[in-house]
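Please look at the sequence and the model shown here.

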Amino acid sequence: MTDCIFCKIIAGEISSDRVHEDDQVVVFRDVNPKARVHLLVVPRQHIASLEELGPEHDGLMGYMMRLLPKLAKQEGLEAGFRTIINTGKGGGQEIFHLHLHLLGGEKLTGF
């Protein structure tokens, strides 16, 4: 996707504060953090949203979910963390490239 900001970050066209990357995902700090630690876990493959997932993405989603606790530990979130996937405009999704938010570092409000 030539106009997707996350695709541009993945390609290195836009800088980011990366904390992890491998052949499946790129993880970087959110530029507008909602907590002391606010990471975005973004698959390299462009998938617009959770609604676009098919059975072929099961391995990727499992990988991303198992990566979250490792990232949390790496960031010192020993007391716990929150994960969020916003889906669709009504669900708060602003960038239409599937991504997981990992938040923590203090008592989180809401919900």
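The structure is a predicted model, in which local features need pLDDT of at least 70 and side-chain atom pairs count only at pLDDT 80 or more, while totals for chains, interfaces and linings use all residues. Residues are numbered from 1 along each chain as its sequence is written, and side-chain values use heavy atoms, with hydrogens and water left out.

Side chains of opposite charge can pair when their charged atoms come close. A salt bridge here is a side-chain nitrogen of Lys or Arg within 4 Å of a carboxyl oxygen of Asp or Glu. By this rule there are four salt bridges.

| Pair | N to O distance |
|---|---|
| Asp 17 and Arg 29 | 3.3 Å |
| Glu 21 and Arg 18 | 2.9 Å |
| Glu 21 and Arg 44 | 3.1 Å |

Asp 17 and Arg 29 form a salt bridge. This pair links distant parts of the chain, 12 residues apart: Asp 17 lies in the loop between helix H1 (5-11) and strand S1 (18-21), and Arg 29 lies in strand S2 (residues 25-29). Helices (H or I, at least four residues) and strands (E, at least two) are DSSP runs, numbered from the N terminus. Asp 17 and Arg 29 also belong to a network of salt bridges together with Glu 75.

Glu 21 has a salt bridge with Arg 18, and Glu 21 also meets Arg 44 in a salt bridge.

Asp 17 is partly exposed at 44%, and Arg 29 is partly exposed at 29%. Glu 21 is partly exposed at 43%, Arg 18 is partly exposed at 26%, and Arg 44 is partly exposed at 29%.

Where is His 57 found? His 57 sits in the loop between S3 and H2. Its relative accessible area is 6%, so His 57 counts as buried. Leaving aside residues up to four places away in sequence, His 57 touches Gln 45, Ile 47 and Glu 52, where contact means heavy atoms within 4.5 Å.

Conventions. Buried means under 20% relative accessible area, exposed over 50%, partly exposed in between (1.4 Å probe, protein chains only).
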